[in-house]
Amino acid sequence: MELLETQNPERKKLLETSERHKRELEKEVKHVSERTEKVLKNALVIGGALAVTYLLVSQLGSGKKKKKSAKVRLQAAPVASSQSAAEEEDETPSAFASIGTKIADTATVMLLDMAKEALTEFLKTRKKENADS
């Protein structure tokens, strides 16, 4: 086959051009797959951060919902003096509950900050890639 290529210079030129285009397409496909992989990793990090934040807030914040539902039940039923004392104790959060709330708030802020940084980095790289195109 090489014998035919050397005999016809136009065919040789077309084959070289074809190989060059093939290499360029392979480079472009590789570049697109790398960008897609990076975008997916960023999306997974952000989604994971939001999921963990949601779970922390829902787990640590679930005590408040129970207290509110208990208060509603107590208000619906006739109130005795001992029940009103128990209700007053429920209104003031315990030290453990306040610590849990502070930890949840801090974790939420940290995770949202991480998600924000990942998003800004992603948007900067995307803007840069669009400018390069």
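This is a predicted model: local features need pLDDT of at least 70, side-chain atom pairs count only at pLDDT 80 or more; totals for chains, interfaces and linings use all residues.
A residue is called buried when its relative accessible area is under 20%, exposed when it is over 50%, and partly exposed in between, using a 1.4 Å probe and protein chains only. By that scale, Asp113 is partly exposed, at a relative accessible area of 34%.

Residues are numbered from 1 along each chain as its sequence is written, and side-chain values use heavy atoms, with hydrogens and water left out.

## The chain as a whole

Let us start with the overall build. The protein chain has four helices and zero strands, giving the pattern α-α-α-α along the sequence. Here helices (H or I, at least four residues) and strands (E, at least two) are DSSP runs, numbered from the N terminus.

Of the 133 residues in the protein chain, 10% are buried. The accessible surface of the chain is about 11,200 Å², and carbon and sulfur atoms account for 61% of it. Such areas come from the Shrake-Rupley method with a 1.4 Å probe, and for residues only the protein chains shown count as cover.

## Salt bridges

A salt bridge is a side-chain nitrogen of Lys or Arg within 4 Å of a carboxyl oxygen of Asp or Glu.

| Salt bridge | Closest N and O atoms |
|---|---|
| Arg35 and Glu129 | 3.4 Å |
| Glu37 and Lys41 | 3.4 Å |
| Lys116 and Asp113 | 3.8 Å |

What does the pair of Arg35 and Glu129 tie together? Arg35 belongs to helix α2 and Glu129 to helix α4, so this pair links parts that are 94 residues apart in sequence. Arg35 is partly exposed at 34% relative accessible area, and Glu129 is partly exposed at 29%.

The pair of Glu37 and Lys41 sits inside helix α2, where the two residues are four residues apart and therefore separated by about one helical turn. Glu37 has a relative accessible area of 45%, so it is partly exposed; Lys41, at 49%, is partly exposed too. Lys116 and Asp113 are three residues apart in helix α4, so about one helical turn separates them.

Which element gives the most to the lining? That is α4, with five residues.

The pocket has a volume of about 160 Å³. Sorted by class, its lining holds two nonpolar, two polar and four charged residues. For this sorting, Ala, Val, Leu, Ile, Met, Phe, Trp, Tyr, Cys and Pro count as nonpolar, Asp, Glu, Lys and Arg as charged, and the others, Gly among them, as polar.

How is a pocket found? On a 1 Å grid over the protein atoms alone, a pocket is an open set of points with protein on both sides within 12 Å along at least five of seven lines, and lining residues have an atom within 4 Å of a point. Grid points are joined across faces, edges and corners, and the volume is the space filled by probe spheres set on the points.

## A nonpolar patch on the surface

Val52, Leu56, Leu60, Ile99 and Ile103 form a nonpolar patch on the surface, with about 420 Å² of accessible area together. The elements that give two or more residues to this patch are α2 (9–76) and α4 (95–132), and α2 gives the most, with three residues. Patches are made of residues with over 30% relative accessible area and no salt bridge, where like charges are joined within 9 Å and nonpolar side chains (Val, Leu, Ile, Met, Phe, Trp, Tyr) within 5 Å.

Leu60, in helix α2, is partly exposed at 40% relative accessible area. Ile103, in helix α4, is exposed at 52% relative accessibility.

Is Ala104 buried or exposed? Ala104, which lies in helix α4, has 7% relative accessibility and so counts as buried. For Ile103 and Leu56, 47 residues apart along the chain, the C-alpha separation is 9.3 Å.

Notes. On a 1 Å grid over the protein atoms alone, a cavity is a set of points where a 1.4 Å probe fits but cannot get out, and a pocket is an open set with protein on both sides within 12 Å along at least five of seven lines; lining residues have an atom within 4 Å of a point.
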